[in-house]
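Student: I have a structure open and I'd like to talk it through with you. Could we start with the terms and then go through some pieces of it?

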Amino acid sequence: MAAQNLAPALSTGEDFRITTNIEATQIPAALRKDCVLFYTPDTEELAQKVAQQAGGAITLGRIKWKKFADGFPDLFVENATSIRNRHVAFLASFTNPTVIFEQISVIYALPRLFVSSFTLVLPFFPTGTMERVETEGDIATANTLARLLSNVPPSRGGPTSLVIFDIHALQERFYFGDAVLPLFESGVPLLLERLRQLPDRDSITIAYPDEGAWKRFHYQFKSEGYPEVICTKVRDGSKRIVRLKEGEPKDRHVVIVDDLVQSGGTLIECHALLASLGAKHVSAFVTHGVFPNMSWVKFRADLGNGAQDGFRYFWLSDSCPQTVRDVRSKAPFEVLSLAGPIAAALQI
């Protein structure tokens, strides 16, 4: 779809889909392992897309999610005996802490139903995105959640496999114990495929809002040869202000890349800086659009008049289901689905 046609499509509610080259159907049929995928009510839409991507190799299982009168979970795995000796997976969503306990209960139960193997897909590892352990008494909740997941019972085939996309703090991967096998994936390949489809793909520059984002993501853009811009945060009294560290954004379509967005303050400051330095268009990509308290409403759309108007595109994955529902068909947002990479990961 041409860039000039995107805004009308979003404003009229058309279903805009991107085809990526990361599809489970690329795996030879003889090497695929058929899988039963369970999901939460929140991840049902993504689970259906994963099954479609798998070309029949993944079927969907069902769980009844009810509550007792006292509010505690009343859970039931339908046709539990039918998954014996099957490869089983669960697509979780921990973006709301109130539903983690009921999902942990399911996650601990499924491997014990005599399944051949068990894979837990947790697209967004939510804890540790805001916390800083700097003073005695600070509690690292990311470590707590990793310990919970590290104690998922083994299946008949061995330890649980755990699939996570773009974990926020890279050191958190070392929180997981030896009883699980973590697979850390990235949503950046989805962005790379989307950039190849843009009519102005030859004028793309990749920007990083800080040195940390550059360290974790720049290697994925090396083979594409995109110029880079690196921003940095400097202190001005009690404030932290975004400044340009290196690179040239003038007359370029600059795409800011980071792992997640919360309030969006840093991305908005970075956009304003790049626009003031002459960027023709500014877009953004994050794997995880958290957007607490509907903070996505701050992001204005560039509908064709340039970077001064707002963001040309704001790409995010469907790792945070509520956000996807909130921003669907609203410019400048566009969802790049993790369905293909998840389907491929379930058929390793």
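Tutor: Let us begin with a term: a residue is called buried when its relative accessible area is under 20%, exposed when that area is over 50%, and partly exposed in between. Please also keep in mind that this is a predicted model.

Student: How many salt bridges does the count come to?

Tutor: The count comes to ten salt bridges. Another one of them joins the side chains of Lys 245 and Glu 211, again given as 3.7 Å from N to O. Because Lys 245 lies in strand β11 and Glu 211 in helix α6 (residues 211–217), that pair ties together parts 34 residues apart in sequence. Lys 245 is partly exposed at 47% relative accessibility, and Glu 211 is partly exposed as well, at 26%.

Student: What about Lys 49 and Glu 45, how far apart are they in helix α2?

Tutor: They are four residues apart in helix α2 (residues 44–53), which means about one helical turn separates them. Lys 49 counts as partly exposed at 29% relative accessibility, and Glu 45 counts as partly exposed at 37%.

Student: Changing topic: how many residues of helix α5 are buried?

Tutor: Helix α5 (residues 188–196) is mostly covered, with seven of its nine residues buried. The buried ones are Val 188, Leu 190, Leu 191, Leu 192, Glu 193, Arg 194 and Leu 195, so you can see from the cut-off that each of these has a relative accessible area under 20%.

Student: And helix α7, what is its reach from first C-alpha to last?

Tutor: Helix α7 covers residues 265–276, twelve residues in all, and it reaches 17 Å, which is close to the 16 Å expected at 1.5 Å a residue. Its buried residues are Leu 267, Cys 270, His 271, Leu 273, Leu 274 and Ala 275. Just after the helix, Gly 278 takes a positive phi of about 100 degrees.

Student: What covers those buried residues of α7?

Tutor: The cover includes several strands, among them β9 (204–208), β10 (228–236) and β12 (253–261).

Student: Let's stay on β9, then: which of its residues are buried on each side?

Tutor: Ile 204, Ile 206 and Tyr 208 are buried on one side, and Thr 205 and Ala 207 are buried on the other, which leaves both faces covered. Five of the five residues of β9 are buried, so the strand is largely enclosed by the rest of the structure.

Student: In what sense does β9 pair with β12, parallel or antiparallel?

Tutor: β9 and β12 pair in the parallel sense over four bridges, and Ile 206 stands opposite Val 255 in β12. β9 also pairs with β10 in the parallel sense, over three bridges, and there the bridge partner of Ile 206 is Glu 228.

Conventions: Residues numbered from 1 in each chain as written. Predicted model: local features only at pLDDT ≥ 70, side-chain atom pairs only at ≥ 80, totals over all residues. Heavy atoms only, no water. Helix = DSSP H or I, 4+ residues; strand = E, 2+ residues; numbered from the N terminus. Expected span 1.5 Å × (residues − 1). Buried < 20%, exposed > 50% of the residue type's maximum accessible area, 1.4 Å probe, protein only. Contact = heavy atoms within 4.5 Å. Salt bridge = Lys/Arg side-chain N within 4 Å of Asp/Glu carboxyl O. Pairing = 2+ DSSP bridges.
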